[in-house]
Amino acid sequence: MRAIILGASRFGTAIAENLINAKHEVVIIDKDRERLEKLSERLDCGMIEGDGTLPTTLREAFSDSDDVFIAVTNASDDNILASIVARSVGYGRVIPQITSRELMDICKELELKDVINPHAAVAESICAGLEDKAAVDNAAMLNNELALKRVQVPKDHPGGSLADMDLPESARPIAGIRNEKEFFLDPETELQTNDYLVFAIKRDEAETLDRAFAS
């Protein structure tokens, strides 16, 4: 697969890294030359400095109709415009990131079917984990540094509150489930055996959180 990514943000960079690691060809488009130069030191992919909403820029990156175009700038309207232009250029699949709820309906009218809405994805992941006790989907990442993590209080837990536990510094308690009932978490929450707890945490500290709740 060949993917063209508009926006060298953390999110765009994380997508690029994953695709490169999976042996796909990647090209990143961004207006910021300095940002692209820094990325070129650690990412083995193509780099194009330019305005990704313009046909000339997208034609420069275009190879054939199998190309995938992913627009993940911080501006939803730019992502929509770039995706429309990319579709007209001939990209086989266009995927815009949309953070504005109002613009979601516009995407439907424009028949932009593959839309990324990271805020909605995170919310759905939390709700799904709370309602059915399934593990919170780790694909619902908060950009590329934070993750949602679900743990269970083990049977041999000595009791006490979250404040009594040796948790990673970045761990932020969000919510829990006890006997089918959801509740908000805070440092003074008294834990009980088999409680399910959801945290936001730095990705590189997720394993430390698992060890804190290991039986």
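Here is a short walk through this structure, from the whole chain down to its salt bridges. It is a predicted model, in which local features need pLDDT of at least 70 and side-chain atom pairs count only at pLDDT 80 or more, while totals for chains, interfaces and linings use all residues. Residues are numbered from 1 along each chain as its sequence is written, and side-chain values use heavy atoms, with hydrogens and water left out.

Let's start with the overall picture. The protein chain has seven helices and nine strands; these are DSSP runs, numbered from the N terminus, with helices being H or I of at least four residues and strands E of at least two. Of its 215 residues, 43% are buried, where buried means under 20% relative accessible area, exposed over 50%, and partly exposed in between (1.4 Å probe, protein chains only).

Now for the charged pairs. The whole structure holds eight salt bridges, each a side-chain nitrogen of Lys or Arg within 4 Å of a carboxyl oxygen of Asp or Glu. One of them links lysine 38 to glutamate 34, with the closest N and O atoms 3.7 Å apart. Both residues sit in helix 2 (residues 33-40), four residues apart, or about one turn of the helix. Lysine 38 is exposed, at 53% relative accessible area.

Another salt bridge joins aspartate 195 and arginine 178 at 2.7 Å, N to O. Aspartate 195 lies in the loop between strand 8 (181-184) and strand 9 (196-202) and arginine 178 in strand 7 (residues 172-178), so this pair ties together parts 17 residues apart in sequence. Aspartate 195 is buried at 2% relative accessibility, whereas arginine 178 is partly exposed at 21%.
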